[in-house]
Amino acid sequence: MTESIEFHSAFVALIGRPNSGKSTLLNTVLGERISIVSSLPQTTQRNLKGIYNGPRHQIVFVDTPGIHEGRHAVNKMMSRQGLALLEDGSVDIVCYLVDLARDFGEEEDVIAGRVERVKVPVCIIFNKADMCVDVDRTRSAFFARYPTLSAHKSVVLTATEPSAREKFLDTLLPMVPPGPKYYPDEDLTDADLRFLAAELVREQVIRATREEVPHAVLVEILQYKEQEGRHQVEVEIHVETKGQKGILIGAGGAVIKKIQHRAQLALSKLADAPARIRCHVKVTPKWRDNDRFLTGMGFRRS
Ligand SMILES: Nc1nc2c(ncn2[C@@H]2O[C@H](COP(=O)(O)OP(=O)(O)OP(=O)(O)O)[C@@H](O)[C@H]2O)c(=O)[nH]1
Ligand SMILES: [Mg+2]
């Protein structure tokens, strides 16, 4: 008689301040770049699920936008995506990423305060150990500032290093309760190519521009067609001002052409098929504070 092996599964939220390394950790654990990463805070704009499959485990990670203060409606809508997971019962475990390389400050106080009230198991991930002069001291300072959080499991990581995968999973897997397989083994994410194409364009916008431009950009997919094995995408890049539009297009269209070309290559790799992306830049004044526009783009008010 074969012994039945119990299967374990969980929905796990990755939350924390912008730039703490949530998307990096997700990519390292999955061994694929599914979530865009950059040194710009507020890189992730929307929740994205990434699925880890082990022989006896399935973990559905939810990468979230960094929780932050910000003056625009979009900042609140972004932060709420992570905060809501702490309260709405949709995740089984919360992984709270803490950036060891930055002072804690008010932003951390807000997040730690919310994590203190979480009802599900919490794992604290002290990330960017490679950039911290004294990890033990910084960790102790964190627990001195938020004493109730010291009751939780924690691990020190450098998410950019491949070895973080095993270290993180060694800590997390024992926390995962018995449960079913939610997604088929071959699924790596819940996102479709339409969503991922928009992210690939945004990633190139972040790479190609600086200062206020990346934050003022929202990428909308107008059309995604697959014809005779070729992926064809029409993209509208919304910016807030004419000046931003000028920067994004560049002299003789050089910047936008580069963005298009690089995003096209990335999409073609991801879809494993030829891809063609056409980007149009549109000035949509004050879109970051336009509730109706934002809800139309799939952001939720609460
Ligand atoms: N040196 C070092 N850099 C890291 C580490 N983890 C992440 N980074 C870098 O930190 C920056 C931010 O990483 P992200 O993964 O985009 O951070 P995030 O928490 O997803 O940020 P948002 O999406 O803005 O909330 C990137 O430049 C990463 O390469 C780490 O352990 N060590
Ligand atoms: Mg991110």
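## Overall architecture

Residues 24 or more positions apart account for 70% of those contacts in the protein chain that have a separation of 6 or more, where two residues are in contact if their C-beta atoms, placed from the backbone, lie within 7 Å. The structure is a predicted model, in which local features need pLDDT of at least 70 and side-chain atom pairs count only at pLDDT 80 or more, while totals for chains, interfaces and linings use all residues. Residues are numbered from 1 along each chain as its sequence is written, and chains are lettered from A and ligands numbered from 1 in the order in which they are written.

The protein chain contains nine helices and nine strands; these are DSSP runs numbered from the N terminus, with helices being H or I of at least four residues and strands E of at least two. A compact globule of 302 residues would have a radius of gyration near 19 Å, and the 20 Å of the protein chain agrees with this; the radius is taken over C-alpha atoms, and the globule rule is 2.2 Å times the number of residues to the power 0.38. The C-alpha trace spans about 60 × 55 × 35 Å along its principal axes. Of the 302 residues, 40% count as buried, which requires 20 or more other C-beta atoms within 10 Å of the residue's own, whereas 12 or fewer make a residue exposed and values in between partly exposed, with C-beta atoms placed from the backbone.

## The six-stranded sheet

Six strands form an open sheet with mixed pairing, in the order β2-β3-β1-β4-β5-β6; two strands pair if DSSP finds at least two bridges between them. At the edges stand β2 (48–53) and β6 (153–156), each with a single partner strand, so one side of each is left without a neighbour in the sheet. Neighbouring strands of this sheet are turned by 25° against each other on average, direction ignored; axes are lines fitted to C-alpha atoms, for helices over the stretch in contact, and angles run from 0 to 180 degrees between N-to-C directions.

Within the sheet, strand β4 (residues 93–99) pairs with β5 in the parallel sense over six bridges, and Tyr-96 has Ile-124 in β5 as its bridge partner. Helix α2 (residues 73–87) packs on this sheet, touching β1 (8–16), β3 (57–63) and β4, and its direction makes about 135° with that of β1. Helix α5 (residues 164–172) also packs on the sheet, where it touches β5 and β6, and its direction makes about 170° with that of β6.

Helix α1 is mostly covered, with eight of its nine residues buried; the buried residues are Lys-22, Ser-23, Thr-24, Leu-25, Leu-26, Asn-27, Thr-28 and Val-29. Their cover includes β1, β2, β3, β4, β5 and α5. Just after α1, Gly-31 takes a positive phi of about 70°.

Helix α1 (residues 22–30) also gives the most to the shell around ligand 1, with three residues. Of the 24 residues around this ligand, Gly-21, Ser-23, Thr-24, Thr-44 and Gly-66 come nearest, a residue being near a molecule if its C-beta atom, placed from the backbone, lies within 6 Å of it. By class, the shell has six nonpolar, 15 polar and three charged residues; Ala, Val, Leu, Ile, Met, Phe, Trp, Tyr, Cys and Pro count as nonpolar, Asp, Glu, Lys and Arg as charged, and the others, Gly among them, as polar.

## The three-stranded sheet

An open sheet of three strands has the order β7-β8-β9, again with mixed pairing. Its edge strands are β7 and β9 (275–283), each of which pairs on one side only, and neighbouring strands are turned by 15° against each other on average, direction ignored. Strands β7 and β8 pair in the antiparallel sense over nine bridges, and Val-219 stands opposite Ile-237 in β8.

Helix α7 (residues 242–249) packs on this sheet, touching β8 and β9, and its direction makes about 155° with that of β9. Helix α8 (residues 254–271) likewise touches β8 and β9 as it packs on the sheet, with a direction at about 140° to that of β9.

## Two loop residues with positive phi

Lys-128, in the loop between β5 (122–127) and α4 (135–145), has a positive phi of about 65° although it is not a glycine. Lys-128 counts as buried because it has 22 C-beta neighbours inside 10 Å.

Glu-228, in the loop between β7 (218–227) and β8 (230–239), is likewise not a glycine and has a positive phi of about 50°. Glu-228 is exposed, with 6 other C-beta atoms within 10 Å.
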